[in-house]
Amino acid sequence: MALALAVLAALAPRAAAAQSPCEALAGATIPAGEIGLPSGGVTVTAARRIAAGPSPIAGNADLPARCEVLGRVEPRQPASPPIVFQVNLPEEWNGRAVQYGGGGFNGVLITGLAQLRENPPQAPHPLSRGFATFGTDSGHQNVPGVEIQAFALDDEALENFTHAAYPKVRDAAAAVMRRVAGRAPARVYYYGSSEGGREGLLVAQRYPERYDGVVSSVPVINWVGLQGFGTRGGQMQREGAWLSPDAVRRLHDATLAACDALDGLADGVVSNQPACRAAFSPRSLLCAGGATEGCLGEASVRFLETHRAPYEYGMALANGLAAYPGAPIGGEAQPDGMNAWTTGPEAPRFPLPSPAVQSRQWYYGNGAIRYFLARDASYDPARFAMADFAEGARRLSAVMDATDPDLSAFARRGGRLLLKEHMADYAQSPGAGMAYWEAVRARLGGEAVDGIARFYLHHGANHSGIATDVATGRALPGFVDLLGVLDAWVEGGTPPGPLVQTTADGAASRPLCRYPAYPHFGGGDPARAESFACRAP
């Protein structure tokens, strides 16, 4: 017996030591006081060490050894859903962290294990570069058979989605890192695109004390306005203006014929949009003389003219915005272009059939109108006018829209912002980013803005950041290491110089120009960035 006790005593320290600080965190709770906004406490639902090896995301680069933590920020109201999050802390940590933004209406856990969208899939992942990563579902989970906007009927879930989930999860992630690594992150960056880009701008505006830098790509800046804009497009197309995929391709081809070479190179990309708007009008495609083939009807032409013009609300939303900018020109028929976002495989209908046969702007927009503004799933979006919901639209805009141009608190903290728009983006208007940039410059002054922010335009790119020559199927350069650029600026004080985008294999390159310039081809090898110069339109 004595010998057995001695053996057990000798083994006990080893057993205790075998459980790392990471694994010991499983089942732990973190007090609500460590979360800066009102919330329940934090429950750690799982914590484990993951050995170095292949990424769980197919096609991505390998990942290093890390501590992977799953948790929940508990709600204030018992009936409301929690905010689910994941933290990934590499064993060789550089002390900095990247919060990943979401997409669409969220409702899916962003794990922080995917490659950053602007990086080639096989480029070193942020974890391999020493960064901790984390993400969230923003406080609700999508449910099969339930519309993805339905969560907004729960007030706390709506509050979390609009703005509150992101700083709450930032604080929860910092608390996890303190417990595992013994220190909080020295720097926290927000990196997001689309809805995630909105989140990034929003935290710079509302929670500047928590963030050191933001990458905001194709942000849905004026969210409320966009939902009305997309719904208006669906309303017009329900009234006989719908463009079939063949009609969209005719529009695309006619636009290229008039505008492709205005940037010095015929490559399937319209880079000089102001010159294109002067050179080409959709009305040139109007059917005449009784023709019905190879042309567009009057209703479709009027829709295109209206869709490319600002959407006037008849009232003002947050920060005095009274209109949403019109759609871009060029890239209509490329993948993830106008077919996907504006027109869809079939004309808009309501009640909604399968989302697969509707345009995304109609599916997203009228769902947002019904659940966020009308708060009535059966509301007919054909009746919608923003001014009819003026009070609710202003309230929602005040918490949802990332339109506040006052970045002075973010600047005082030393924060840095990289903003990027894609100029063939039919999911949301790149004009929203341009209008925001001009508002920030008017508020802070051009010299002050240049000290804290850069704004880039990716010409020819769709919402996903891919520019495609539809005629050949060839993808043009679109990858750039924006995290590295941001980190060098924040950590090393090095402002961004000229940026260059590449293809996934690095075989071709092109400048990423600062607003309002575009890449103008001057001769030489069109696959090399040095053959282009950034030129103001």
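**Ground rules.** I worked from a prediction in which local features need pLDDT of at least 70, side-chain atom pairs count only at pLDDT 80 or more, and totals for chains, interfaces and linings use all residues. Residues are numbered from 1 along each chain as its sequence is written, and side-chain values use heavy atoms, with hydrogens and water left out.

**Entry 1, pockets.** I looked for pockets on a 1 Å grid over the protein atoms alone, a pocket being an open set of points where a 1.4 Å probe fits, with protein on both sides within 12 Å along at least five of seven lines. I found 33 residues lining the largest pocket (an atom within 4 Å of a point), and G102, G103, G104, S193 and S194 are the closest to its centre. I sorted that lining by class (Ala, Val, Leu, Ile, Met, Phe, Trp, Tyr, Cys and Pro as nonpolar; Asp, Glu, Lys and Arg as charged; the others, Gly among them, as polar) and got 12 nonpolar, 18 polar and three charged residues.

The second largest pocket comes to about 270 Å³. Its lining has 20 residues, with Q273, P274, R277, M423 and M434 closest to the centre.

Next I checked the nonpolar cores, sets of buried Ala, Val, Leu, Ile, Met, Phe, Trp, Tyr and Cys residues joined through side-chain atoms within 4.5 Å. Buried is under 20% relative accessible area, exposed over 50%, and partly exposed in between (1.4 Å probe, protein chains only). The largest core holds 110 residues, and M177, W223, F372 and M386 have the most contacts inside it. Helix α3 (residues 155-181; a DSSP run of H or I, at least four residues) gives the largest share, 13 residues. Another core of 18 residues lies apart from it, with L418, V480, V485 and V490 among its members.

Taking cysteine sulfur atoms within 2.5 Å as a disulfide, I have four. C259 and C276 are joined, S to S 2.1 Å, in a right-handed link with 80 degrees about the S-S bond. C259 sits in helix α6 and C276 in helix α7, so this pair ties together parts 17 residues apart in sequence. C513 and C534 also pair, with sulfurs 2.1 Å apart, but their torsion is about -85 degrees, so this disulfide is left-handed. C513 is buried at 0%, while C534 is partly exposed at 44%.

Terms used:
Grid points are joined across faces, edges and corners, and a volume is the space filled by probe spheres set on the points. Helices (H or I, at least four residues) and strands (E, at least two) are DSSP runs, numbered from the N terminus.
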